Amino acid sequence: MKRVFFIAIVLSLFVGGLASQSLVRLKLNDKLTKVPGDVVPKTLVVYFSYSGQTEYVAQRLALYTGADLCRIETAEPYPKDNDLLVARAKKELESKEPIKLVDNNLKLKEYDVVFIGSPVWCGQWNMAALQFAADKRLEGKIVIPFLTAGRDNEQLLNNIVKYAINAKIMRGFCVFGDQLKKEKEVDDIILNCLKRNNLIMAERFGEALFTDMAVLKSVKIMQTKYPKITLCDIYKSYYQDAFGPGHMILSKTEAKKAIKKELNMSSGATVGYEPTGALGRYTRVDLAYIKEKKIKIDDYLDLVMSGVTDNTGKDMKEWEREWNFVMSVIERYGVKIDGYNDDKKVIMDMWNEGKYVMHHSRIFNEQYNPHYRLVPTSAVKYLR
């Protein structure tokens with residue numbers, strides 16, 4: 001493909017729910033238990049990252065907790081030269097003089113739980129991250145530290161106690177060595193921390209890890225963007241996240257014909273781009289990008305086709321479990337969706353007939369006129 005397409009997937013959108021100091025642990029098998037909105041903690045992941053490893057862990061953490069993300073930036077950027085970098089890191093550790101940080105305009109009082117992350121430099125935390133931990137606005141809040149390192153440095157986690165002196169420090173985690181190269185290991189380390197601190201309800205479906213906070217966040221985002229969204233439309237988004245575009249594409253030739261036909265119907269201003277489901281394994285990319293000549297139709301089609309897989313052998317009972325988890329979260333947290341019970345029955349009836357693919361609802365089509373195709377998020381790169 002001659003041109004490469006970039007879409008930044010923003011993970012830091014607002015989850016919703018009233019902030020509270022009260023946390024709950026939920027039982028998976030108790031699907032009838034309602035959870036009042038004021039027990040949903042508002043969570044923030046703050047991190048310093050130089051090489052990108054700590055940022056990667058922070059993004060995974062935000063995905064599963066439904067947290068907002070904030071990167072710590074120093075007013076004087078760190079040098080790219082390794083010798084100069086080490087020299088500055090050692091100087092900061094020895095002097096412990098205040099480091100001027102870029103003002104991020106954070107409203108810390110809005111958050112209940114704050115994760116603070118840093119790489120291990122010269123056998124210690126990055127001082128900019130520790131300086132953030134000393135912010136007086138963290139008083140009384142739950143603070144959970146996390147580190148990335150070349151080797152196991154979990155013993156350094158407790159060093160944050162000397163800085164966040166008035167916060168409630170809970171046990172964090174360290175990701176190190178080859179663990180940083182394996183997504184599943186990173187996710188399991190994060191999951192163990194969240195479960196240990198009673199912050200989430202979680203379950204695995206194949207290789208996919210679902211948490212109640214990730215589901216709640218995704219549904220709230222959909223409702224914010226599409227106030228008239230129905231349960232059937234949410235189902236479609238999650239189905240797309242699990243299966244990609246293969247269920248709608250007979251061949252590349254037919255797919256191109258359909259796109260050309262639909263381009264004439266597109267308003268040029270529908271979804272833009274957005275991740276599907278809770279995990280964002282696929283991204284909806286608007287046909288408007290073709291109309292606006294930001295990408296050629298053949299390049300667009302190549303991106304779409306790169307996500308086509310053969311799911312004929314997939315265990316649909318596993319998909320049913322995945323969707324039932326989503327509905328259990330919606331019901332548990334009392335998320336209001338117009339026509340919920342009627343749409344729930346429509347989905348169950350469809351399953352009883354051995355069918356699983358669902359189109360957008362009439363309401364959604366009339367209100368939002370969607371014209372897009374699915375692209376694997378991993379294939380979405382820079383547009384030149």
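Contact here means heavy atoms within 4.5 Å. The structure is a predicted model.

By that definition, Tyr 238 touches Phe 210, Val 215, Ser 218, Val 219 and Met 222, as well as Gly 277, Ala 278, Trp 319, Trp 323 and Val 326, leaving aside residues up to four places away in sequence. Tyr 238 belongs to the largest nonpolar core, which has 69 residues. Along with Phe 115, Phe 210, Tyr 235, Trp 319 and Trp 323, Tyr 238 touches the most other members of that core. Another core lies apart from it and holds 34 residues, including Ile 72, Ala 128, Leu 156 and Ile 160.

The chain as a whole has 384 residues, 51% of them buried. It contains 12 helices and 12 strands. Of the contacts with a separation of 6 or more, 77% join residues 24 or more positions apart.

Helix α7 and helix α9 pack with their axes 11 Å apart, at an angle of about 125°. Angles from 65 to 115 degrees count as roughly perpendicular and those over 145 as roughly antiparallel, so α7 is oblique to α9. The crossing of α7 past α9 is right-handed. The table gives the residues on each side.

| Helix | Span | Residues making the contact |
|---|---|---|
| α7 | residues 252-263 | Lys 252, Ala 255, Lys 256, Ile 259, Lys 260, Leu 263 |
| α9 | residues 297-305 | Ile 297, Asp 298, Tyr 300, Leu 301, Asp 302, Met 305 |

Note on methods:
Residues numbered from 1 in each chain as written. Predicted model: local features only at pLDDT ≥ 70, side-chain atom pairs only at ≥ 80, totals over all residues. Heavy atoms only, no water. Core = buried A, V, L, I, M, F, W, Y, C linked by side-chain atoms within 4.5 Å. Buried < 20%, exposed > 50% of the residue type's maximum accessible area, 1.4 Å probe, protein only. Helix = DSSP H or I, 4+ residues; strand = E, 2+ residues; numbered from the N terminus. Axes fitted to C-alpha atoms, helices over the stretch in contact; angles between N-to-C directions. Parallel < 35°, antiparallel > 145°, perpendicular 65-115°, else oblique. Left-handed = near helix turned anticlockwise from the far one by under 90°.
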